[in-house]
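Colleague: Hi! Could you walk me through the aromatic rings in this one? I have the structure open.
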Amino acid sequence: MRRCVEGLDERMLIRWAVIGLMSVFCLAAAPSQAQLKGENLLVAPPAGFKVGYKGTSNGVNLMEWVPAAETVQNWSEMVTVQIFTRRADLDPAQFLGRLQQQWLAACPGSKPASIPTGKANGYTASMMMLHCPLLAATGKPETTMFRAIKGNDSFYVVQRAVRAAASPDQVEKMKKYLGEVSVCEAGSPQHPCPALTPLGR
């Protein structure tokens with residue numbers, strides 16, 4: 001289910017993604033923490049996933065990851081990340097609340113979800129999980145979990161979706177994956193970046 005707000009395309013439900021900051025996407029391959037500068041989104045593709053789409057539009061950086069044998073047109077799982085550059089004015093809970101209203105309007109039979117808010121490495125972060133019993137465009141159900149983080153520089157949204165009524169194991173996998181998504185600022189004690197291990201160690 002793909003759709004974006006804030007002037008992006010209207011393919012069904014939101015697919016967010018990030019471009020650039022490739023040292024952050026591949027933390028294990030980064031030779032030193034010195035490579036991280038400024039504010040960084042800490043996220044990596046799940047094992048066995050590839051880049052299916054990346055692009056930039058209206059100050060929003062997008063990337064979509066799908067299993068290696070699949071495409072963004074035909075997928076069983078997808079991770080999407082989006083950076084709204086210079087949009088630290090956005091609020092995670094309000095943003096996800098607006099997204100939820102769009103989802104409910106677009107998918108009959110879906111139900112409202114709670115939007116718990118807390119901290120991710122010192123930044124305000126909210127999460128939400130939504131389920132669509134039957135997406136008209138695909139004839140399949142879809143379950144998506146979202147995490148939105150308000151940085152000091154930009155606003156970040158990461159989501160993981162399955163084209164299914166997610167099993168408890170799938171829900172736990174999505175929750176664990178998104179729980180590890182974070183933002184850091186190089187040199188900031190309030191939002192420290194991880195120490196990166198050089199290759200070969």
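Modeller: Happy to. Rings of Phe, Tyr and Trp (its six-membered ring) pair if their centres lie within 6.5 Å. This is a predicted model.

Colleague: How many aromatic pairs does that rule give?
Modeller: The count is 4 aromatic pairs. One of them joins Phe 84 and Phe 95, whose ring centres are 5.5 Å apart with 70° between the planes, an edge-to-face arrangement.

Colleague: Where in the fold do Phe 84 and Phe 95 lie?
Modeller: Phe 84 belongs to strand 4 (residues 77-84) and Phe 95 to helix 2 (residues 92-106), so this pair ties together parts 11 residues apart in sequence.

Colleague: Is Phe 84 buried or exposed, and what about Phe 95?
Modeller: Phe 84 is buried, at a relative accessible area of 2%. Phe 95 is buried as well, with a value of 2%.

Colleague: What pair do Trp 103 and Phe 146 form?
Modeller: Theirs is an edge-to-face pair, 6.3 Å centre to centre, and the planes make an angle of 85°. Trp 103 is in helix 2 and Phe 146 is in strand 7 (residues 140-150), so the pair links parts that are 43 residues apart in sequence. Both residues, Trp 103 and Phe 146, are buried.

Colleague: Back to clusters: which residues form one with Phe 84?
Modeller: Phe 84, Phe 95 and Phe 155 make up one aromatic cluster.

Colleague: Changing topic, which rings have the charged end of an Arg over them?
Modeller: Among them is the ring of Tyr 177, with the charged end of Arg 160 over it, 5.0 Å from the ring centre. The charged end of Arg 163 sits over the Trp 75 ring, 4.1 Å from its centre.

Terms used:
Residues numbered from 1 in each chain as written. Predicted model: local features only at pLDDT ≥ 70, side-chain atom pairs only at ≥ 80, totals over all residues. Heavy atoms only, no water. Phe/Tyr/Trp six-rings, centres within 6.5 Å; stacked < 30°, edge-to-face > 60°. Helix = DSSP H or I, 4+ residues; strand = E, 2+ residues; numbered from the N terminus. Buried < 20%, exposed > 50% of the residue type's maximum accessible area, 1.4 Å probe, protein only. Lys NZ or Arg CZ within 6 Å of the ring centre and 35° of its normal.
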